[in-house]
Amino acid sequence: MSALPQHLDLHLIRILYLLLVEKNVSRVALKLNQPQPSISASLRKLRELTGDPLLVRGARGMVPTQHGESLLAPAKRILDETENLFLKKAPFVPQDEARTFHVAAPDYLDSLFLPNLVALLRRGSPNSRIKIHSLGAGSDYVRLLSDGDMDLVIANWDEPPEHLHMSKLFEDPIICVMRADCPYALRTPADKMSMDDYLTLPHVAPTQILPGYVGVIDDYLERQGLQRNVVVESAYFGLIPNMLAQTDLVLTTGSQFVRHYEKQMPLKTYSVPVQFPPMRFYQLWHERVHQAPEHKWLREQVGAAAKALTQK
């Protein structure tokens, strides 16, 4: 790729364009409020740079050369695109816009959270599209956010990367749940689960979500020198309540996730005899979209959906 001429600047391209359109040095001087000798000097410089006369005398004044004519469209394109570079960001008008929003979230959120979010987005921006992505093993969410393939990640692991922006959504206290008529539930009152019981009961747990991500439950237990008896691991968290309903399995999770299923199946909840910190859910996004109006609006909708949960 050859180097650009040293004396080329945007003003010179504007003069080139106007000379090719007006075909008259005096009129260009008037339009730009510059003295005619200055425009004539610019024309000489342009002729030198292009190696072409650009404008020559015709029967009724100056006319562009063939090469000059060929420069008209690219000169206009450069001027138009440069102008677009420095346009102020237009406000995002959700009702009129048609955007595609990419949101990644785990499936152990409150079952109403994502449906409520989708409802807010549909009402607010009916022409936009929403793609909900899973957070599966191997999901490189940091790269997806930085490359622009993902707009937002909803998460609850302890230490997200420091270079990402984060805002807290809600906290969810951790409880224990099992089938209401399983042998342990029938003989043990609701708040009488001992530490030994908790660690030895058969647990069902989600499989590893991301490489190196143990999960807030097992990570906390490990730091306390404790280990529970996980006998089933499931990649499909949403199916675990149905597993509880047919087995003696125990699930440790956020109370908001359980609340929905308690209404549909006979489940019994226990306070966990381990002082787990609550699950903290937040949204993560990259600096590249931090100031974008449509992304600010998206994050506001996520925040509103989270606030609605905590007010129920």
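Two strands are taken as paired if DSSP finds at least two bridges between them; helices (H or I, at least four residues) and strands (E, at least two) are DSSP runs, numbered from the N terminus. The model is predicted: local features need pLDDT of at least 70, side-chain atom pairs count only at pLDDT 80 or more, and totals for chains, interfaces and linings use all residues. Residues are numbered from 1 along each chain as its sequence is written, and side-chain values use heavy atoms, with hydrogens and water left out.

**View 1. Strand β3 and its parallel partners β4 and β5.** Strand β3 (residues 100-104) and strand β4 (residues 129-133) run parallel and are joined by 5 bridges. Within this pair, threonine 100 has arginine 129 of β4 as its bridge partner. Strand β5 (residues 152-155) also runs parallel to β3, through 2 bridges, and here leucine 152 of β5 is the bridge partner of valine 103.

**View 2. The β-α-β unit of β3, α5 and β4.** Helix α5 (residues 113-124) forms a right-handed β-α-β unit with β3 and β4. Right-handed means that, with the strands pointing away from the viewer, the path from the first strand over the helix to the second runs clockwise.

**View 3. The open sheet of 5 strands.** The strand order is β9-β8-β10-β7-β11, and the pairing is mixed. Strands β9 and β11 (267-271) are the edges, each pairing on one side only. On average, neighbouring strands of this sheet are turned by 35° against each other, direction ignored; axes are lines fitted to C-alpha atoms, for helices over the stretch in contact, and angles run from 0 to 180 degrees between N-to-C directions. Helix α11 (residues 255-262) packs on the sheet and touches β7, β10 and β11 (contact: heavy atoms within 4.5 Å). The direction of α11 makes about 120° with that of β10.

**View 4. The antiparallel pair β7 and β10.** Strand β7 (residues 174-179) is joined to strand β10 (residues 250-254) by 5 bridges. Isoleucine 175 has threonine 253 of β10 as its bridge partner.

**View 5. The surroundings of arginine 228.** Arginine 228 lies in the loop between α9 (216-223) and β9 (229-234). This arginine counts as buried because its relative accessibility is 7%. Not counting residues up to four places away in sequence, arginine 228 touches Tyr198, Leu199, His203, Ala205, Ile217, Asp218, Leu221 and Thr252.

Note on methods:
Buried < 20%, exposed > 50% of the residue type's maximum accessible area, 1.4 Å probe, protein only.
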